[in-house]
Amino acid sequence: MRRPADFQAREPGRTTYLDGVRAAAPIGVAALAFGVSFGVLARAADMGRVAPVVMSVTTFAGSAQFAVASILGAGGGLVTAIVAAILLNLRYGPIGLSAATTFEGPWWRRALTAQLIVDESWAIAQRDDGRLDRHLLIGAGLLLLVCWTTGTVIGTFAGDLVADPESLGLDAAFPALFLALLWSQVRDRSRLLAAIAGAAIALALMPFTGPGIPIVAASLACLVGARKPA
Amino acid sequence: MSAVWISVIVVGLATMAIKAAGPLLLARRTPPPRAQAALEHLAPALLAALVVTQALGGDNGGFTIDARLAGLAAGAVALLLRAPLLVVITAAAVTAALVRLVA
């Protein structure tokens, strides 16, 4: 399938961290804007100025952080907020498995670099041979972490100056972003099948489960690839 | 300790542990070929699920049809025209914003 200009195939082993930064730059713009809106929401939810920024550096996962801020802001319970966020981040279990052989060095270094995995950096780092490119993942992850955290700082400190993110259509930017990342992934029949199965599992579960579960369950769709010999 | 800080610390530690689990447990052990082949199909499966949940998901589960869908359609058109990623994202956001402005 044809790929957007940003995702031209790269030769494995020939990439640098800067390639990852470059590939993630357009997403960085969206991450910055999304970070601002998280900061604004967190401020409105009485999370203070420091906690949201600490959360952006440590948790570094947009939808889970939004869940915590909106549940606490709406007066929902602490346990509800924590459980919702963890469910939303469970997908990083299977994602981490797929990235397991990517990192190098002692255990603490692998654990630390694994923190740079987010949906977008992981998607950018996919190589044509099915492995992950460590340089692309780290470069993209670092840029997104900086943009996301900077946005959060701006949102918590200057939130009053920012328009409502929904009126800017920001919530529509992310499904389109994931569609673009998916587009560059679907390059043969078995990957197309995995995508269709993943979407179908998510659609089937959405009416019955809270947010997060449909996405984790959709990771089972990767099993359609197990039939194909490596 | 306040509820805010407890949630920041617990969610932060849990997320870090989830992200690090694979790289720590599987440390440099290459998975068997069939498992590796399956993991190579994880990206399309999860990204497709993310498109669906982000475009149609409601705040408390279930479906919500709103301007996001128009934005996604605009993004898809931009993709078909081979637009760069930033144009795809912007087309989706601007379209959704315009739909909300009119509606």
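Q: Which residue's side chain meets that of A:D19 in a salt bridge?
A: This is a predicted model: local features need pLDDT of at least 70, side-chain atom pairs count only at pLDDT 80 or more, and totals for chains, interfaces and linings use all residues. Residues are numbered from 1 along each chain as its sequence is written, chains are lettered from A and ligands numbered from 1 in the order in which they are written, and side-chain values use heavy atoms, with hydrogens and water left out. A salt bridge is a side-chain nitrogen of Lys or Arg within 4 Å of a carboxyl oxygen of Asp or Glu. At 3.3 Å, N to O, the partner of A:D19 is A:R22.

Q: Which helix holds both A:D19 and A:R22?
A: Helices are DSSP runs (H or I, at least four residues), numbered from the N terminus. The two residues sit three apart, about one turn of the helix. Residues 17-44 of chain A form their helix, α1.

Q: Is A:R22 buried or exposed?
A: Buried means under 20% relative accessible area, exposed over 50%, partly exposed in between (1.4 Å probe, protein chains only). A:R22 has a relative accessible area of 53%, so it counts as exposed.

Q: How many residues apart in sequence are the parts that A:R134 and A:E104 tie together?
A: A:R134 and A:E104 form a salt bridge, with closest N and O atoms 3.2 Å apart. A:R134 lies in helix α8 (residues 134-158), and A:E104 in the loop between α5 (92-98) and α6 (107-113), all in chain A. The pair therefore ties together parts whose separation in sequence, in residues, is 30.

Q: What is the relative accessible area of B:R68?
A: B:R68 pairs with B:D66 in a salt bridge, the closest N and O atoms being 2.9 Å apart. B:D66 is partly exposed at 29%. B:R68 is buried, at 8%.

Q: Which residue of chain B forms a salt bridge with A:D171?
A: The structure holds seven salt bridges over all chains. One of them crosses the interface of chain B and chain A. There A:D171 comes within 2.9 Å, closest N to O, of B:R100.

Q: How many residues does chain A bring to the contact with chain B?
A: Contact means heavy atoms within 4.5 Å. Chain B brings 72 residues. For chain A, the number is 94.
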